[in-house]
Amino acid sequence: MVNAAADGVAVCLDEGSDPYSLILTDLVALIGHVQASLRLIEAAIAREAFLAEQDAAADIFLLDDVTPRYVVASTALKARDAGLGMALDRLRDPEAPARLLN
């Protein structure tokens, strides 16, 4: 087992493991986590909008709107998701393993 000190990630390097496949697998998992976070943020925005509608119907006004924070986080995650997707596409390029070794 090798421990990457820079980010605290432990990677198991067995004789049969392919570092390229490990990178692809990890990148796919990371993209899945980012997309799950995006879905959670979208649900939170929908919940906030629903609560705001309920409060408006009851003539209660909330001055602390957290929606802008969700929108900023969502925008940042969407940008990261796009970048991770491009990285995955480049790694899946048939010539990528040869380029990684050079």
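Colleague: Leaving aside its neighbours within four places in sequence, which residues is S74 in contact with?

Modeller: Setting those neighbours aside, S74 is in contact with L38 and I41, where contact means heavy atoms within 4.5 Å. Please keep in mind that this is a predicted model, in which local features need pLDDT of at least 70, side-chain atom pairs count only at pLDDT 80 or more, and totals for chains, interfaces and linings use all residues. Residues are numbered from 1 along each chain as its sequence is written, and side-chain values use heavy atoms, with hydrogens and water left out.

Colleague: Is S74 buried or exposed, and why?

Modeller: S74 counts as buried because its relative accessibility is 6%; buried means under 20% relative accessible area, exposed over 50% and partly exposed in between, with a 1.4 Å probe and protein chains only.

Colleague: Where does S74 sit?

Modeller: S74 lies in helix α2, helices being DSSP runs of H or I with at least four residues and strands runs of E with at least two, numbered from the N terminus.

Colleague: Which residues are buried in α2?

Modeller: In α2 the buried residues are T67, S74, D81, L84, L88 and L91.

Colleague: And how many residues has α2?

Modeller: Helix α2 has 26 residues, 67–92, and spans 37 Å from its first C-alpha to its last, close to the 38 Å expected, a figure that is 1.5 Å times one less than the number of residues.

Colleague: Changing topic, what is the order of elements in the chain?

Modeller: Starting at the N terminus, the order is β-β-α-α-α, and of the 102 residues in the chain, 17% are buried.
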